[in-house]
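Subject: Structure for you to look at

Dear colleague,

Here is the structure I promised to pass on, with my notes below it. Please read them with the model open beside you.

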Amino acid sequence: MSDLVTRLRQAGCVFAEEEAAILYSAAADTADLERLVARRVSGEPLEHVVGWAEFAGLRIPVAPGVFVPRRRTELVARVAARLAPASGTVVDLCCGAGAIGVAIATWREDLTVIAADIDPVAVELARRTLEPLGGTALVSDMDASLPPALAGRAHVVASCPPYVPTRQIALMPPEARHYEPRVALDGGKDGARMQARVFKAAARLLAPGGACVVETSEHLVGTTLAAASEAGFTAWIEKDEDRGATAVFARLRSTHSNA
Ligand SMILES: C[S@@+](CC[C@H](N)C(=O)[O-])C[C@H]1O[C@@H](n2cnc3c(N)ncnc32)[C@H](O)[C@@H]1O
């Protein structure tokens with residue numbers, strides 16, 4: 001085990017001891033362990049190597065080529081679960097591997113959770129995890145392919161869309177740049193292009209009084225609030241200082257029509 005820790009440390013893994021223990025327990029045998037370690041040492045994210053990411057105390061299945069859920073996104077899931085009325089419907093837009101929707105469906109068995117993403121590989125992962133919890137996942141460009149009957153009927157839309165300004169993608173750690181798809185990162189010129197699309201989709205999906213919770217960053221939060229307002233919402237900031245997480249929580253203004 002100490003050799004393994006040394007190799008991981010030399011490869012730049014900050015949490016080498018924890019990673020060694022995870023790789024060790026993920027490996028079927030010594031040859032498998034060597035294969036997993038070689039992938040990790042070459043820079044592949046630990047979560048892709050072992051096939052799961054920890055999120056809200058759950059193991060979310062992930063696979064190469066799919067965005068790795070971040071712990072800070074637990075804030076969006078927590079706020080959405082808190083806001084959803086009994087037996088309500090929650091839509092996880094830009095769901096990736098489904099972390100937000102899976103956490104909500106785990107905590108709140110009374111809710112109906114529908115998740116959607118443009119990436120079919122991510123949707124397949126989300127579907128496999130959500131269906132046993134009574135939820136579903138669909139391939140959709142925002143809300144374009146969601147069932148038309150859902151329009152105006154959802155109670156909460158929760159989302160962690162791509163929000164890295166295009167020019168800052170080059171500054172991201174290699175694990176993200178090389179192993180996560182650009183479509184999962186690129187928030188357009190100012191970073192808020194996909195967030196604005198989420199708020200517009202949420203305005204179509206939500207019932208009167210419905211809420212939308214969207215992850216953002218400290219730098220971007222003013223632009224995110226403006227995008228919410230533009231789409232017909234009154235919006236507030238939610239923070240989790242421990243995780244360095246920022247989200248915008250918004251309610252449709254009563255004068256707004258989702259036509
Ligand atoms: C930052 S990742 C977050 C994924 C997931 N919400 C999570 O927290 O793990 C953004 C996700 O948005 C998806 N996405 C990008 N453009 C989209 C679009 N037009 N419609 C739906 N999903 C989209 C990507 O495929 C990616 O899975």
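Helices, of at least four residues, and strands, of at least two, are DSSP runs numbered from the N terminus, and the model is a predicted one. In those terms, D119 is found in the loop between β4 (112-117) and α7 (120-130).

I begin with D119, which is buried and yet has no salt bridge, the nearest side chain of opposite charge being that of R127, 11 Å away. Apart from neighbours within four places in sequence, D119 is in contact with G65 and V66. R127, for its part, meets the side chain of E124 in a salt bridge, at 2.8 Å from N to O; these two residues both lie in helix α7, three residues apart, or about one turn of the helix. R127 counts as partly exposed, because its relative accessibility is 26%, and E124 is likewise partly exposed, with a relative accessible area of 32%.

On the sheet, seven strands come together in an open arrangement with the order β5-β4-β3-β6-β7-β9-β8 and mixed pairing. Its edges are formed by β5 (136-139) and β8 (233-240), each of which pairs on one side only, and the twist from one strand to the next averages 20 degrees. Helix α10 (residues 221-230) packs on this sheet, where it touches β7 (206-216), β8 and β9 (245-252), and its direction makes about 150 degrees with that of β8. Within helix α10 lies T224, which counts as buried at 0% relative accessibility and which touches Q195, F199, T216 and V248 when residues up to four places away in sequence are not counted. Elsewhere in the sheet, strand β3 (residues 89-93) runs parallel to β4 and is joined to it by five bridges, with V90 standing opposite V113 in β4.

P162 may also be worth a look: it is found in the loop between β6 (154-159) and α8 (174-179), and it counts as buried, since its relative accessibility is 6%. Although P162 and G187 are 25 residues apart in sequence, they are 5.0 Å apart in space, C-alpha to C-alpha. Not counting residues up to four places away in sequence, the contacts of P162 include C94, V183, L185, G187 and M194.

As for the domains, the assignment of the chain gives domain 1 (2-61) and domain 2 (71-252), and their centres, taken over C-alpha atoms, are separated by 28 Å. Twelve residues of domain 1 are in contact with 15 residues of domain 2.

The structure holds 20 salt bridges. One of them joins E54 to R71, with the closest N and O atoms 3.9 Å apart; since E54 lies in strand β1 (residues 52-55) and R71 in the loop between β2 (58-61) and α5 (74-83), this pair ties together parts that are 17 residues apart in sequence. E54, at 41% relative accessibility, counts as partly exposed, as does R71 at 32%. A network of salt bridges links E54, R71, E74 and R243.

A further salt bridge is formed by R70 with E180, where the closest N and O atoms are 2.8 Å apart. Because R70 lies in the loop between β2 and α5 and E180 in the loop between α8 and α9 (193-205), the pair ties together parts that are 110 residues apart in sequence. E180 is buried, with a relative accessible area of 7%.

Terms used. Residues numbered from 1 in each chain as written. Predicted model: local features only at pLDDT ≥ 70, side-chain atom pairs only at ≥ 80, totals over all residues. Heavy atoms only, no water. Buried < 20%, exposed > 50% of the residue type's maximum accessible area, 1.4 Å probe, protein only. Lys, Arg positive; Asp, Glu negative; His and termini not counted. Salt bridge = Lys/Arg side-chain N within 4 Å of Asp/Glu carboxyl O. Contact = heavy atoms within 4.5 Å. Pairing = 2+ DSSP bridges. Axes fitted to C-alpha atoms, helices over the stretch in contact; angles between N-to-C directions. Domains from an automatic or database assignment.
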